[in-house]
Amino acid sequence: MNADGRNADGRNADGRNADGRNATDVIVIGGGTGGYSTALRAAALGLEVVLVERDKVGGTCLHRGCIPSKAMLHAAELVDGIAEARERWGVKATLETVDWPALVATRDDIVARNHRGVEAHLAHAGVRVVRGSARLTGPRSIRVDEQGAEFTARRGLVLATGSRPRTLPGLVPDGRRVVTSDDALFAPGLPASVLVLGGGAIGVEYASFHRSLGAEVTLVEAADRIVPLEDADVSRHLTRGLKKRGIDVRAGARLLDAELLGDGVRARVRTARGETLAVEAERLLVAVGRAPVTEGLDVAAAGLTTDERGFVVPADWDRLETAVPGVHVVGDLLPPPSPGLAHASFAEGLLVAETLAGVPSAPVDYAAVPRVTYSSPQTAAVGLSEAEARARGHEVTANSMPLTAVAKGMVHGRGGMVKVVTETGGRVLGVHLVGPHVSEMIAEGQLVVGWDAEPSDVARHIHPHPTLSEAVGEAFLTLAGRGLHQQ
Ligand SMILES: Cc1cc2nc3c(=O)[nH]c(=O)nc-3n(C[C@H](O)[C@H](O)[C@H](O)COP(=O)(O)OP(=O)(O)OC[C@H]3O[C@@H](n4cnc5c(N)ncnc54)[C@H](O)[C@@H]3O)c2cc1C
């Protein structure tokens, strides 16, 4: 400490800078999965961390996304099981009713317990959580408006402010008849009919959930197939599975207009054939993607810009560092190839924290991030689709087989498929699954793709019998020239 009471780095004895700002090693703005994972890892590496969150730590994924939606989809699966029990297995069960408040209470309890868990992790790690909205005042300094507190970061500042639902021009969510995925969670009851706009993962999951709970569902997607970023065979199998369950799937279709009624909407949809379809529904759920959140952040004060869509683009993707040294970005605020998924944001948080701590850390391998749709049937994939592989100039060998080619697939009796895309005579480029529980099966594909394995590497390993995962093993056996059950 100097004679004037300051440390060698210019801070006062209480940790404040000479100008009165609270100094810390790392400031993280946003306490969602991207932000809190950065904070936890940075603290574990010995850095002093301030995490600013204006709502609740856990962010979208915990409070409005992954966790509540998957809790509800679990309940939907139980409802589907009652029909299957009756129709296939002679178990004479009937569904009496769905007690929506009870379902919501269980869901909210799961969210609340996870929330307390995240808070406890942060406290245990020594992360200082500051409640309020952060605004940038310089490259490494912020002001938290509600508190009037200012902070500066010695090592780095991490932007993790996430995303919010997007809508279409002229379609203003009112939380009751026109809703976003956020509103759908907090609705007072279940609608009898839903028009879902958007056939990506969120739209498909909500369509599937509402159908399981008895609603009439129309699913409209502008691209020529639902889950358009997935392999075409995945879209085909998913479409077939959803249609079989009574969902009216309309790909290549566009919403022309939507008129608000007292208790719903009346919409007109231009179908792929150019016809006009009239749809009346109690709810119009807009699931057309998500937009990055930078409002109120004043990124310009840090010398940053956003791209035309509002994303903060790293200058160095290997470190997720912006053009302003020491300012990093993680999570949904990143443009593609960051996929807007919680597990990708965890990996980004680890990378940025390790970078700031000076610990070697490999760049995020975006090509090997798994993608899952938790509908019924589920889809799960990692790596390149067949069309992408060909477009990138690979000579491709693909092998598809139905899940019902293995005994456990027949037990489930819900169709599905495994598709493996490889370089001819070489490594595995993509694994694509559709069917029950495939979300739990994609981790294997992720290791195969991430480790540049070849089919013969996988074929050496024995899959348990009888399981659904056996179908994955079998698909690799065939590609390695050792197929047993695949014709
Ligand atoms: C319905 C739905 C289902 C989903 N399902 C899945 C799934 O199954 N699997 C999956 O991997 N992903 C899923 N996602 C995506 C996942 O939720 C996001 O990728 C993830 O939440 C992004 O995390 P993030 O930390 O970037 O942002 P967020 O979680 O959005 O967190 C950002 C945080 O920053 C805070 N904030 C913003 N601005 C400020 C400011 N100026 N000052 C202080 N705080 C601020 C916000 O309050 C928020 O808490 C789903 C999303 C939705 C909507």
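Student: From which domains does the lining of the second largest pocket draw at least three residues each?
Tutor: This is a predicted model, in which local features need pLDDT of at least 70 and side-chain atom pairs count only at pLDDT 80 or more, while totals for chains, interfaces and linings use all residues. Residues are numbered from 1 along each chain as its sequence is written, and side-chain values use heavy atoms, without hydrogens or water. By an automatic or database assignment, the lining takes at least three residues from each of domain 2 (178-288) and domain 3 (377-479).

Student: Which element gives the largest share of the lining of the second largest pocket?
Tutor: The elements that give two or more residues to this lining include α6 (201-212), α7 (232-244) and β22 (428-435). The largest share, nine residues, comes from α3.

Student: Between which domains does the ligand lie, and why?
Tutor: Of the 39 residues around the ligand (a heavy atom within 4 Å), Glu53, Thr60, Lys70, Asp332 and Ala342 come nearest. Because both domains give residues to this shell, the ligand lies between domain 1 (22-61 + 106-164 + 291-367) and domain 2 (178-288).

Student: How far from an oxygen atom of the ligand does a backbone N or O atom of Ala342 lie?
Tutor: For Gly34, the corresponding distance from a backbone N or O atom to a ligand oxygen atom is 2.9 Å, and a polar backbone atom of Gly340 is 3.1 Å from one. For Ala342, a backbone N or O atom lies from a ligand oxygen atom at 2.8 Å.

Note on methods. Helices (H or I, at least four residues) and strands (E, at least two) are DSSP runs, numbered from the N terminus. A polar contact is a pair of N or O atoms within 3.5 Å; within protein, one must be able to donate a hydrogen and the other to accept it, and residues adjacent in sequence count only if both atoms are side-chain atoms.
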